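These are my notes from reading through the structure, one element at a time.

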Amino acid sequence: MDLIVSIDIGSSGVRASAYTIKGKLISFGKQTYKTYYDKPGWAEQDPNDWKMATRISLKKMVENLKLPYKIMGIGLTGQCPTYVPVDKNINPVGRAFIYQDNRAVNETFELEKKYGSRLIHDITGHRLLAFYILPKILWQRANQPCLFKNIAYILQPRDYIAYYLTGQIATDETHANATLLYELKQHRWNKKLMTELNLDTNIFPNKVLMPWQIVGELRKSIAESVGLTSGIPIVIGAADSQCCCLGVGAVRPEILSEMSGTSPCLNSTVLNPVNDINIGNYTHVIPNAWCTEIGLNATGANLEWLTNILYKKDSNRYNLLKENIKKIKVGADGLIFIPYLTGGERDNPLLKGGFYNLNLYHNAGDMAKAVLEGVAFAIRERIERLSKSTCSFKSIYISGGGALLDEWNEIKTNIFGVPVYAIKDVDGAELGAAMLAGIGSGVFKDYQEAIKNCVCDGKEFLPNLKIHATYNELYEMFLEVEDKFVSNKSLA
């Protein structure tokens with residue numbers, strides 16, 4: 001049996017997944033790790049945990065394979081942008097600052113004064129935000145000089161694991177796009193800006209590949225430790241949200257992809273980068289196209305936080321949540337949840353989260369319903385922003401952990417007002433990375449053949465017009481409360 005494999009260095013763990021060339025998931029292994037929130041606005045992970053989790057998840061995947069097989073290629077994906085400084089021996093220089101980390105607000109402000117977000121967006125496709133790599137570099141140089149002086153390269157989680165598996169230092173264009181130091185249309189590092197900022201112009205990988213290109217072969221030592229043969233082609237892949245577009249087949253402008261995991265990313269296909277400063281632009285995982293992006297730092301993380309509080313990490317907690325929200329009406333009895341719990345948002349560090357209008361009569365079901373609605377309202381706000389710069393979306397394809405909760409999908413279709421298709425059988429980002437492995441290793445001749453073979457239909461959810469009208473009114477209330485949270489006004 002010929003297989004294509006993906007390795008996803010995600011927000012909460014690594015998952016290795018094996019698929020048939022028809023896109024059927026037949027085996028996977030997963031290993032989690034810790035995120036450190038030591039100070040307000042900080043979010044860190046230990047890159048050594050990624051290596052250990054990669055080895056363990058691959059070994060579990062192999063152990064779960066019961067039939068004779070041949071792995072044709074392994075595609076890589078992962079969280080992005082996450083700042084991973086390493087020394088000349090590719091050992092981590094301290095912890096990684098993950099995408100949720102918002103500590104570099106002052107550095108972003110200084111860059112804004114010097115260059116302006118418009119200029120940076122015109123060059124890189126992205127505006128100046130603490131979310132991206134460049135401000136994090138400048139923060140560490142100013143605040144941790146003893147660590148910074150040891151940096152030889154700046155990688156991201158997927159790059160770091162690519163080196164671990166192959167011994168090759170490389171990245172792909174989607175990860176390079178998220179640094180704020182890569183020229184989007186010219187497809188090259190912006191060494192002029194690096195020089196102006198007194199940064200080493202060789203600090204990023206010189207080898208910048210397209211997502212379907214092979215970075216190297218699986219090293220013998222790694223292969224033997226997990227039960228595989230060496231020499232398997234490793235395809236560089238792309239950022240998780242970009243892979244998700246391919247994995248769900250959202251490669252036409254009228255389809256919006258929502259990667260619904262710890263944090264969501266909203267992506268659409270465009271023929272040219274958009275000029276809206278609030279919208280990010282990436283090189284697409286398919287040729288001759290671009291991918292827009294807008295997102296949030298936490299959605300699934302909000303739900304995980306609440307269920308852990310309400311149900312004490314009970315293994316049955318999501319079924320308990322479903323039972324609790326069954327009888328809760330639209331609007332959660334006046335309770336509104338603002339879903340910005342990670343110390344600021346990627347597009348606005350001032351955004352804070354919490355419950356508004358919480359009363360003694362509210363129960364666990366009200367709180368759970370409010371969280372599901374609040375996240376969907378925040379996503380709608382960003383969908384509307386994206387629609388103004390691209391086109392009106394006729395449907396939304398949802399993949400990831402959030403797609404598994406039918407109650408949430410129903411809330412989303414009624415809040416968004418368009419059909420929602422939940423991809424439940426596979427994770428879109430992981431399948432997309434495996435499809436890129438298939439393209440890079442010659443299993444598929446192009447992305448169209450990969451989609452035809454691998455992408456499955458999603459479960460359809462259609463909006464109820466009456467409920468949608470009610471949610472339109474509640475959405476306006478959500479926006480008003482959100483504004484109060486930003487302006488730090490007194491909350492009743």
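**Entry 1: a covered helix.** I looked up which residues of α6 are buried, and found Pro-157, Arg-158, Asp-159, Tyr-160, Ile-161, Ala-162, Tyr-164, Leu-165 and Thr-166. I note that the model is a predicted one. Helix α6 spans residues 157-166, and nine of its ten residues are buried, which I record as mostly covered. I then checked the position just after α6, where Gly-167 takes a positive phi of about 80°.

Entry 2: I turned to strand β14, residues 233-239, and found six of its seven residues buried. Which strands pair with β14? I found that strand β5, residues 70-78, pairs with β14 in the parallel sense over four bridges. Strand β13, residues 214-217, runs antiparallel to β14 and is joined to it by three bridges. Here I recorded Val-235 of β14 as the bridge partner of Ile-214.

**Entry 3: two helices in contact.** At what angle do the axes of α11 and α12 cross? I read that the axes of helix α11 (residues 300-311) and helix α12 (residues 317-325) cross at roughly 90° and come within 10 Å. On the α11 side I listed Leu-303, Glu-304, Thr-307, Asn-308 and Tyr-311 as making the contact. On the α12 side the contact residues are Arg-317, Tyr-318, Leu-320, Leu-321 and Asn-324. Sorted by class, I counted five nonpolar, three polar and two charged residues in the contact of α11 with α12.

Methods. Residues are numbered from 1 along each chain as its sequence is written. This is a predicted model: local features need pLDDT of at least 70, side-chain atom pairs count only at pLDDT 80 or more; totals for chains, interfaces and linings use all residues. Side-chain values use heavy atoms; hydrogens and water are left out. Buried means under 20% relative accessible area, exposed over 50%, partly exposed in between (1.4 Å probe, protein chains only). Two strands pair if DSSP finds at least two bridges between them. Axes are lines fitted to C-alpha atoms, for helices over the stretch in contact, and angles run from 0 to 180 degrees between N-to-C directions. Contact means heavy atoms within 4.5 Å. Ala, Val, Leu, Ile, Met, Phe, Trp, Tyr, Cys and Pro count as nonpolar, Asp, Glu, Lys and Arg as charged, and the others, Gly among them, as polar.
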